[in-house]
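This report goes through one protein model, from a single pair of side chains to the whole chain. Please keep the sequence and the 3D view open while reading.

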Amino acid sequence: MAAKIAFFRPHRLPFFTFNSPPRPIAKPLFIPLHSYATSTTAAAAIAFSNLSYGPSLHKGHSPFPLELPKYHTSGENVTSLDEAAFTRVFDISALRVPSEICSTLENRFRGHLLNWPRIKNIARVSGDEIDDEIKTILPNSDNRAESESEAEAEELVALNRRIYGKAEGDGEQLNSVLYRDKLARTFNSQGYVNFRNLAKISRPKKKKKMMDGGEKRGVKGVGRNDMAFVEVVECEESDADDFSRLLGEDFGKRPKWRGSTRLLLLDEQYANKMLDELPEAIKVAFQEHDGQCTRSAFELVKCKLTLLYDYWQLNEVLEALLPKGMTIPSAFETVGHIAHLNLRDEHLQYKHLIAKVVLDKNKPKIKTVVNKVDAIHNDYRTMQLEVLAGNNSLVTTLVENGLRFQVDLASVYWNSRLATERQRLLSCFTYSDIVCDVFAGVGPLAIYAAKKVKHVYANDLNPCAVEYLERNSVLNKLDRKIEVFNMDGRRFIETVFASQGAPPITQVVMNLPKDAAAFLDAFRGVFQRHGRDEQRTLPRIHVYGFSKAEDPEFEFHQRIRIALSEVDFDVEMHRVRLVAPGKWMLCASFLLPKRVAYSRTGQHL
């Protein structure tokens with residue numbers, strides 16, 4: 001057997017097939033992957049008809065006698081991962097067609113092509129390309145000139161026109177010397193106006209990429225792909241055709257190779273089938289081509305499609321690696337270049353293995369994978385994180401709602417899941433509002449609000465968070481509209497409301513779900529020292545909290561009433577998200593009651 005390798009580029013999105021022939025879908029057959037290592041022949045015998053349509057690690061066969069990691073119940077961490085164990089080879093059929101009509105035939109045979117996710121239906125054959133300049137001098141019986149003398153005369157006229165610089169009008173291209181001379185003359189007279197591509201001309205040529213063996217690769221689209229590649233399998237009986245290329249066209253059968261060709265990968269149900277077993281649309285195309293042209297390649301070939309480790313998705317790899325019945329941890333939070341996992345206890349034995357797969361499947365965007373070790377217990381709301389894969393840097397830059405934020409997850413708090421809630425809250429603000437953010441963190445809401453409102457007072461107890469808050473304000477050029485404080489929440493509320501000359505605060509945000517409701521007592525008597533003023537604008541307060549009660553809104557409302565020592569006021573409740581089974585994060589919005597604002601400090605009404 002002889003093999004030629006064909007390469008292709010993967011699609012990021014799968015093809016969708018319309019009007020395709022019905023495919024019988026049987027119940028999937030699940031086979032432990034380590035059985036491929038012990039018996040590859042048995043795995044190769046799995047028929048496509050016994051499994052669901054599409055690529056799967058339970059189909060095809062592995063070319064390497066490798067074993068997946070062995071798992072132990074002793075609690076020992078599993079860290080090894082052999083990527084070659086995920087290589088799968090599939091037997092398929094393909095149509096080898098001239099490159100000129102490949103796109104037309106692809107649209108024509110769309111319902112009969114492979115159409116696998118991230119796999120292009122068209123594959124290139126390495127070493128089967130012809131340069132366009134060389135192609136023009138090759139003999140072509142279909143478009144041969146009427147006489148050689150007329151062709152030579154036309155070439156002589158074209159050559160003379162090019163020598164004397166008169167080749168622009170008839171489509172002939174000037175030689176490089178005359179073209180540069182023409183550019184220089186035009187530039188001297190008209191300047192840069194007519195030179196839109198002057199920058200491209202002056203740029204140095206791109207360096208050719210080097211293959212593993214040191215060979216230069218300059219042909220676009222030809223090279224080994226990290227996801228998959230195709231091998232064209234040719235039978236030994238085709239050796240006579242190879243000799244016919246040396247001994248002449250009359251020797252043996254019609255030669256298989258005539259010019260640049262492509263492979264149209266057929267659907268998996270047509271694997272190992274003869275031409276008479278293919279759909280009528282393909283048979284008609286064969287008949288039409290045989291009647292029009294007899295020199296170019298158009299044939300049915302057998303291929304081997306090899307899918308590598310990089311082809312398989314995150315959930316497919318983890319499903320194969322983790323023990324049967326274990327939940328697949330495929331969801332994670334992305335903070336800049338950091339993937340933040342929240343693994344369960346059952347996953348801790350395989351945490352390094354999971355982190356490596358997450359890192360591999362999300363490159364180059366993800367460079368670090370971390371796992372939260374413990375819940376947040378400190379006043380600074382910082383998380384204890386363990387770096388599982390990638391570099392150890394927890395300082396990153398991210399973009400949210402068009403704004404850039406620098407954060408250090410080791411010393412500050414950040415939650416990307418609240419981006420939608422921040423947008424909702426900002427929609428409640430107006431351009432004349434003055435916002436007071438009691439627990440601002442690194443400023444995701446304060447800086448976002450500063451783009452819209454008149455002024456923002458932002459505070460946080462964590463010195464590191466305040467440092468990044470000031471840095472992010474400058475980074476987004478909003479530092480003139482934000483006044484930053486570093487103090488306790490109660491003291492901050494007393495400070496900003498004690499100033500008589502400052503414009504009145506109209507919006508107060510208290511996003512500390514664990515303890516925010518306990519800080520509401522700071523608003524009792526906040527305006528008592530200024531005297532009662534019926535025209536004074538009272539702020540609207542947005543306070544966040546957690547609740548595990550059966551009626552979370554009622555339970556959270558009761559806590560707010562107790563903190564304010566007031567029961568006669570309206571509260572709007574909004575469910576932000578379900579942070580855990582039976583645990584809701586809520587946002588309560590209400591106008592500060594006058595009785596609370598003008599009450600004597602410490603008086604319970």
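The side chains of R424 and E421 meet in a salt bridge, with 2.7 Å from N to O. A salt bridge here is a side-chain nitrogen of Lys or Arg within 4 Å of a carboxyl oxygen of Asp or Glu. The model is a predicted one: local features need pLDDT of at least 70, side-chain atom pairs count only at pLDDT 80 or more, and totals for chains, interfaces and linings use all residues. Residues are numbered from 1 along each chain as its sequence is written, and side-chain values use heavy atoms, with hydrogens and water left out.

## Salt bridges

R424 and E421 are separated by about one helical turn, because they are three residues apart in helix 12 (residues 419-426). Helices (H or I, at least four residues) and strands (E, at least two) are DSSP runs, numbered from the N terminus. R424 is partly exposed, with a relative accessible area of 24%, whereas E421 counts as buried at 7%. Buried means under 20% relative accessible area, exposed means over 50%, and partly exposed lies in between (1.4 Å probe, protein chains only).

Side chains of opposite charge can pair when their charged atoms come close. By the rule given above, the count comes to 19 salt bridges. The table lists three of them, including the pair already described.

| Pair | Closest N and O atoms |
|---|---|
| E555 and R559 | 3.1 Å |
| E280 and K283 | 3.6 Å |

E555 and R559 are four residues apart in helix 16 (residues 552-564), which means that about one helical turn separates them. E555 counts as partly exposed at 27% relative accessibility, and R559 counts as partly exposed at 27%. E280 and K283 both lie in helix 9 (residues 280-292), three residues apart, about one turn of the helix. Is E280 buried or exposed? E280 is exposed, with a relative accessible area of 53%.

Salt bridges also link residues into a network, made of E83, K356, D360 and K363.

Strand 10 (residues 338-341) and strand 11 (residues 368-374) pair in the parallel sense over four bridges. Two strands pair if DSSP finds at least two bridges between them. The bridge partner of A339 in strand 11 is V369. On strand 12 (residues 384-390), strand 11 has an antiparallel partner, joined to it by six bridges. There, N371 stands opposite E386.

Why is helix 11 largely enclosed by the rest of the structure? Eight of the 11 residues of helix 11 are buried, so the helix is largely enclosed. The buried residues are K351, L353, I354, A355, V357, V358, L359 and D360. What covers them includes helix 10 (314-321), strand 10, strand 11 and strand 12.

## The nonpolar core

In soluble globular proteins, nonpolar side chains tend to be buried together. A nonpolar core is a set of buried Ala, Val, Leu, Ile, Met, Phe, Trp, Tyr and Cys residues joined through side-chain atoms within 4.5 Å. The largest such core has 44 residues, of which L263, L265, L305, L307 and V369 touch the most other members. Helix 11 gives the largest share of this core, six residues.

Leaving aside neighbours within four places in sequence, V369 is in contact (heavy atoms within 4.5 Å) with A339, L341, A355, V358, L359, E386, V387, L388 and A389.

## The whole chain

The protein has 17 helices and 21 strands. Of its 605 residues, 43% count as buried. Among contacts with a separation of 6 or more, residues 24 or more positions apart account for 70%. V97, in strand 2 (residues 88-98), is buried at 0% relative accessibility. V97 and L300 are 203 residues apart in sequence and 8.9 Å apart in space, C-alpha to C-alpha.

How many disulfides are there? The count comes to zero, with a disulfide taken as a pair of cysteine sulfur atoms within 2.5 Å. The cysteine C102 is buried at 3% relative accessibility, and C436 is buried at 0%.
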